[in-house]
Structures are given as structure tokens and as C-alpha cells.
Amino acid sequence: MKFALLGAGWRAGFYYRAVCAIEKRLQICCVVENNPETAEQIKNAWRLPTVKNAGEALKFKPDFFVLCLPPAVLPIILCEILKYDVPILTETWAAESVESMISLYEKTKGGRNIQVSEQYPCQP
């Protein structure tokens, strides 16, 4: 399986290292990063193609998207990606407040292709 990774920060780095550790069973087909300097760093360090948006990532035919984005932009991008009908795994938190999370839920309910992950039981 292959996925498009949105974001290039701390959490995205964990996904990159995990994929490298499990060899070929899972792969990152591209990294979506709209900051040109960061995209260039990722391209050189991780040796992965980078694109500016999720629409461009579709040319790599990802089986799903992994969103490692700040909560301020995550709901916007998540709602954008829903139109592609590709499953989404998003890091916590998916919104900045309970009200924002309820609003996101209302916008996306019925979106059976969304999963929110949490890997730290005692850390936000």
C-alpha cells in the first residue's frame, strides 16, 4: 500500500521513519508540502517526490492520505480532500476546540473514510 503524506514536520518524520523500518509493505508515494524550502529539504533528505497540494498527489495514486498538519489548517484540508473519495488518516487533533471538532464532524459525517489516530495516551 502507498500513501500521500501531508505535512513535513515532527509527526510526519515519525511516519517516514516507520515506513523505512517496515521496508516495502507500505510506502510514501509523495509528500504534500506547499512551502518551497521545506519541500526541497524533504526531497533531498527523504528522497521522495513533493507536490504542492493533495490534488497533485492524486497522480501518484495513493491508497490513502495521512495528514500531519497543524489543527488550524487540518479541518480545511481534510474537507478539501474528502471530495477525492480517498481514505484519510489524520493525526490528533483534528480541530482546535470541542466546538471546532463538532463543526468538523457535522461537515464530514457520512465520511466513512476518515480515521483519527492518537499514539500517546497522556500527551495531546
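**Views of a predicted protein chain**

View 1. The accessible surface of the protein chain comes to about 7,600 Å², and carbon and sulfur atoms account for 56% of it. The model shown here is predicted.

**View 2. The fold of the protein chain, with its helices and strands.** The protein chain holds 5 helices and 6 strands, which follow one another from the N terminus in the order β-α-β-α-β-α-β-α-β-α-β. Its radius of gyration is 14 Å, close to the 14 Å that the globule rule gives for 124 residues, so the protein chain is as compact as a globular protein of that length. Along the principal axes, the C-alpha atoms fill a box of roughly 40 × 35 × 30 Å.

View 3. Of the 124 residues in the protein chain, 39% are buried. The largest nonpolar core has 19 residues, of which Leu6, Ala57, Phe65, Leu67, Leu78 and Ile81 touch the most other members. At least two residues of this core come from each of β1 (2-6), β2 (27-32), α3 (54-57), β4 (64-67) and α4 (74-82).

**View 4. The surroundings of Leu78.** When neighbours within four places in sequence are left aside, Leu78 is in contact with Leu67, Ile88, Thr90, Leu104, Thr108 and Ile114. For the protein chain as a whole, among contacts between residues at least 6 apart in sequence, 60% join residues at least 24 apart.

Terms used:
Residues numbered from 1 in each chain as written. Predicted model: local features only at pLDDT ≥ 70, side-chain atom pairs only at ≥ 80, totals over all residues. Heavy atoms only, no water. Helix = DSSP H or I, 4+ residues; strand = E, 2+ residues; numbered from the N terminus. Rg over C-alpha atoms; globule rule 2.2 N^0.38 Å. Buried < 20%, exposed > 50% of the residue type's maximum accessible area, 1.4 Å probe, protein only. Contact = heavy atoms within 4.5 Å. Areas by Shrake-Rupley, 256 points an atom, 1.4 Å probe, with all protein chains shown as cover. Core = buried A, V, L, I, M, F, W, Y, C linked by side-chain atoms within 4.5 Å.
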